Amino acid sequence: MAVEYTIPGMLIRDHMVDAPLDWSKPDGETIRIFAREVCDPARRRESLPLLAFLQGGPGGKSPRPSNGGPPWLAEALKTHRVILIDQRGTGRSSRIESAMMERFADGRAAADYLTLFRADSIVADCEHLRKTVFGGGRWQTLGQSYGGFLTLTYLSKAPEGLSACYVTGGLAGLGATADDVYRRTYPRVTEKNAAYYRRYPGDAERIGRIADYIETNEVRLPDGDRLSVRRFQTIGIDFGMAPGYENIHWLVDEAFSGPNEDRLSDRFLASVMSLTSYDDNPLFAVLQESIYGQAGTPTAWAAERIRAEHPVFAGDRRPLLLTGEMMYPWMFEEIRSLRAFRAGVEALATHERYVPLYAPARLAANEVPVAAVIYHDDMYVDAGLSLETARHVANVQAWVTNEFEHDGVRQSAAVLRRLMTLVREQGGPLAS
């Protein structure tokens with residue numbers, strides 16, 4: 001039974017359903033899938049079209065609505081009933097945490113389990129929700145970042161469930177391997193660093209000083225982890241978001257404390273711990289490379305290998321360059337919340353029996369209207385790969401812009417509004 005309640009401006013119903021852990025074994029072990037239905041309280045009795053939100057990630061739970069936000073949600077609620085789905089392994093959907101890894105005898109068993117949390121299983125969960133909870137009619141989807149990857153899988157495996165799709169910064173390269181992705185993203189991260197230091201030229205010296213201090217002292221984070229320079233560099237993952245430069249600048253601005261600024265401040269250490277611990281979303285680190293897994297091609301720690309081709313990211317270079325959305329093997333040794341996953345991710349790095357996530361022939365014949373914004377300077381999802389995908393998927397309208405960063409849909413309701421307009425002007429969503 002759904003739990004219903006009202007917060008300012010939103011009527012909410014919480015739904016929980018059981019689903020197979022392995023959709024190829026429907027009578028086997030089950031997990032729980034959670035979805036939050038949101039609508040305008042004044043329209044609670046109306047038959048509104050459904051918009052299912054496909055969250056970014058991997059490993060990200062759906063946003064928790066409050067104070068009318070995020071902006072895209074307020075925009076969507078003018079015309080739709082919105083379904084916020086916690087993807088399997090996140091939030092309230094049988095969340096995966098460190099303690100769960102103790103159940104596996106070895107890394108291979110853990111890796112086999114973790115592959116059940118890829119896009120094909122998430123799409124099957126969405127279809128299960130659509131049919132069992134929401135009446136079985138077609139619904140629209142909004143896919144942010146990794147949610148766009150999920151959209152392409154959805155269009156490949158179950159297009160009959162979709163009436164229209166909106167994608168924000170998430171058209172994946174259909175045949176791109178992890179190596180392809182990182183060879184394109186490292187140069188862009190280098191450019192983001194250069195732009196950051198142009199905006200805050202004094203931070204080059206300050207960040208170098210922080211790195212020197214970390215290198216010559218045993219610095220412990222509040223949770224006991226030792227802070228290394230390479231872990232400190234990973235805070236650069238924020239550079240691809242609209243407030244990222246400012247977030248990092250104000251972090252390093254108060255990095256030092258003491259009468260002579262001769263030690264790192266408690267605030268700085270607590271913030272770095274929060275930014276780099278992955279306590280809230282371990283699957284983001286664990287599955288990051290496997291989302292690019294192609295059949296017959298192990299990812300083999302692609303980010304680590306491709307980094308070796310870019311010596312400008314060395315920890316002793318100055319100015320020190322911060323890294324982006326890359327996960328490295330050492331993280332599963334140095335970061336407390338990831339250590340339990342080490343054997344599993346090592347096995348994932350050699351895994352090559354990946355189920356294909358995209359069906360090129362089916363995508364080429366796609367009839368579901370799709371509107372996608374491609375962020376020209378996106379640090380995470382290469383615009384070139386996205387444009388190539390748009391050319392190979394039928395019925396896609398691509399809007400290319402450098403007005404927004406990767407989180408544009410979170411910053412302005414105008415992004416979703418324009419995508420919906422693009423679909424509407426071409427005949428609108430398919431009949432449900």
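The sulfur of cysteine 39 lies 20 Å from the closest cysteine sulfur, that of cysteine 126, which is too far for a bond. Cysteine 126 has its closest cysteine sulfur in cysteine 165, 11 Å away, also too far. With a disulfide taken as a pair of cysteine sulfur atoms within 2.5 Å, the count is zero. Cysteine 39 is buried, at 1% relative accessibility, and so is cysteine 126, at 2%. Buried means under 20% relative accessible area, with a 1.4 Å probe and protein chains only.

A word on the source: this is a predicted model, where local features need pLDDT of at least 70 and side-chain atom pairs count only at pLDDT 80 or more, while totals for chains, interfaces and linings use all residues. Residues are numbered from 1 along each chain as its sequence is written, and side-chain values use heavy atoms, leaving out hydrogens and water.

Next, helix 2, residues 107-114; helices here are DSSP runs of H or I, at least four residues, numbered from the N terminus. Its buried residues are Gly107, Ala110, Ala111, Tyr113 and Leu114.

Notes: Buried < 20%, exposed > 50% of the residue type's maximum accessible area, 1.4 Å probe, protein only. Helix = DSSP H or I, 4+ residues; strand = E, 2+ residues; numbered from the N terminus.
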